[in-house]
Amino acid sequence: MGSSSTSSKDDFSVLVLASDLGIDARPFLTHQEPEDSWYDCTSDPPPSEEQDFAHLDSLQFLRLESGSDKLGNRIFRIVGKYFPALVISAERLKKYVFNKICTELPEGPFCIVYMHSTVQKEDNNPGLTILRWIYEELPTDHKDRLQAVYFVHPGLRSRLVLATLGRFFLSGGLYWKVKYVSRLQYLWDDIKKVELEIPEFVQKHDEILEHRPLTDYGIEPDPLHLSQMPPSAYSIGRHDTGWASRQYMS
């Protein structure tokens, strides 16, 4: 046995965070780099910035659509499934969002169509705190021009998180602009089909929800899809005349 007086030279601490609040814990656990200086939205960004975001542009998780909703608001489309949250830092995401808004968005009101279809929290969700941080850093003019956020296929968890924590983590103006859209058919009440491109996997997910509506509430009535299996002609362990005896079952 070694001496019990020997102690470790490295100090450590333990931080316990709740895992079911829908809040991204990475800002508390990782070292935050100093914030870079931002260019003014009224001026042109450096050419190097546009080239730096070429890879993110290819992912198509955030893009300006050519169409508008029925109120004339230009559409920014966000596809959550396309966003690689594990490899993009909050700071880089913020730079990219600012670059898109400042260089591509024309004057006038705009809206956001966010597609939450098949999003995985660990892989595609940057976290509510990061989204709030990005929104709060936007110039006041851009906040006022944002008229609506269409939240497509929200799911039960997203509804609960926004209902319970949304008022605390989202400013009042943004919180009341969110409009839940459980089916694409309801989205067409506000946006014409020709004005917005819907990815194929979003359409298929919408069809699944249409046939299994309980999935909206986190209930999977047939997780193994047993109802789709053909009926079996024979039952295991049963003869035509009755149940098999124990000796035949052994």
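What share of the contacts in the protein with a separation of 6 or more is accounted for by residues 24 or more positions apart? And which residues other than glycine have a positive phi?

Analyst: The model is predicted, so local features need pLDDT of at least 70 and side-chain atom pairs count only at pLDDT 80 or more, whereas totals for chains, interfaces and linings use all residues. Residues are numbered from 1 along each chain as its sequence is written, and side-chain values use heavy atoms, with hydrogens and water left out.

Residues 24 or more positions apart account for 78% of the contacts with a separation of 6 or more, a contact being heavy atoms within 4.5 Å. The protein has 12 helices and seven strands; these are DSSP runs, numbered from the N terminus, with helices (H or I) of at least four residues and strands (E) of at least two. Of the 250 residues, 36% are buried, where buried means under 20% relative accessible area, exposed over 50% and partly exposed in between (1.4 Å probe, protein chains only).

As to the backbone, most residues other than glycine have a negative phi. Glutamine 60 has a positive phi, near 65°. Glutamine 60 lies in the loop between helix H3 (54-59) and strand E1 (62-68), and it counts as partly exposed because its relative accessibility is 29%.

Histidine 153 also has a positive phi, of about 55°. The loop that holds histidine 153 runs between strand E4 (146-152) and helix H8 (155-169). With a relative accessible area of 5%, histidine 153 is buried.
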